[in-house]
Amino acid sequence: MIQADEHPVQGDIAAVADLHVRVHSLDTAALTAHALALGICPPDARPGWLIVLEYDEDGADRGLFWIGPDDQ
């Protein structure tokens, strides 16, 4: 399992809420593209960052996190 703990998705409250609404209807690449269109930026300028929904060991939703090119 990829651990994405280091890079939570942060940005405008309305934009992040919109991502939470769309997370189950868009695939990872589309969700990431939508986030970028909303002005939410990855932790650094390297290409290949993606947004994923992280779950804890009990299956509870932990939120949206960036996974970097080194984590894939």
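This is a predicted model: local features need pLDDT of at least 70, side-chain atom pairs count only at pLDDT 80 or more; totals for chains, interfaces and linings use all residues.
Residues are numbered from 1 along each chain as its sequence is written, and side-chain values use heavy atoms, with hydrogens and water left out.

The largest nonpolar core has 13 residues. A nonpolar core is here a set of buried Ala, Val, Leu, Ile, Met, Phe, Trp, Tyr and Cys residues joined through side-chain atoms within 4.5 Å. Buried denotes a relative accessible area under 20%, exposed one over 50%, and partly exposed a value in between (1.4 Å probe, protein chains only). The core members that touch the most other members are Val9, Leu19, Leu31, Ile40, Ile51, Leu64 and Trp66. Two or more residues are contributed by each of the elements α1 (13–22), α2 (28–37), β1 (50–55) and β2 (61–67). The largest share, three residues, comes from α1. Helices (H or I, at least four residues) and strands (E, at least two) are DSSP runs, numbered from the N terminus. In soluble globular proteins, nonpolar side chains tend to be buried together.

With residues up to four places away in sequence not counted, Ile51 touches Val9, Leu19, Thr28, Leu31, Thr32, Ala35, Leu64, Phe65 and Trp66. Contact means heavy atoms within 4.5 Å.

The two strands β1 and β2 pair in the antiparallel sense over six bridges, where pairing requires that DSSP find at least two bridges between two strands. Together β1 and β2 form a hairpin with five residues between them. In the turn, Gly59 has a positive phi of about 90°. Strand β2 is mostly covered, as five of its seven residues are buried.

Leu31, Thr32, His34 and Ala35 are its buried residues. These residues lie on the same side of α2, because they cover an arc of only 160° around the axis, the arc being that of the directions from the helix axis to the C-beta atoms. On the other side of α2, Ala29 and Ala37 are exposed. The cover over the buried residues of α2 includes α1, β1 and β2. At the start of α2, a side-chain oxygen of Asp27 comes to within 3.3 Å of the backbone nitrogen of Ala29. Just after the helix, Gly39 takes a positive phi of about 90°.

Thr28, found in helix α2, is partly exposed at a relative accessible area of 34%. Leaving aside neighbours within four places in sequence, Thr28 is in contact with Leu50, Ile51 and Val52. Thr28 and Asp56 are 28 residues apart in sequence and 19 Å apart in space, C-alpha to C-alpha. His34 is also found in helix α2. Its side chain is joined to that of Arg22 by a polar contact of 3.2 Å. A polar contact is a pair of N or O atoms within 3.5 Å; within protein, one must be able to donate a hydrogen and the other to accept it, and residues adjacent in sequence count only if both atoms are side-chain atoms. With residues up to four places away in sequence not counted, His34 touches Asp18, Leu19, Arg22 and Leu26.

The structure holds four salt bridges, a salt bridge being a side-chain nitrogen of Lys or Arg within 4 Å of a carboxyl oxygen of Asp or Glu. One of them joins the side chains of Arg22 and Asp18 (3.0 Å, N to O). Arg22 and Asp18 are separated by about one helical turn, because they are four residues apart in helix α1. Arg22 is partly exposed, with a relative accessible area of 34%, and Asp18 is partly exposed at 22%.

A further salt bridge joins the side chains of Asp70 and Arg46 (2.8 Å, N to O). This pair links distant parts of the chain, with Asp70 in the segment after β2 and Arg46 in the loop between α2 and β1, 24 residues apart. Asp70 counts as exposed at 65% relative accessibility, while Arg46 is partly exposed, with a relative accessible area of 36%.

Arg62 forms a salt bridge with Glu54, with the closest N and O atoms 3.5 Å apart. Arg62 is partly exposed, with a relative accessible area of 37%, whereas Glu54 counts as buried at 5% relative accessibility. Salt bridges that share partners join Asp44, Arg46 and Asp70 into one network.
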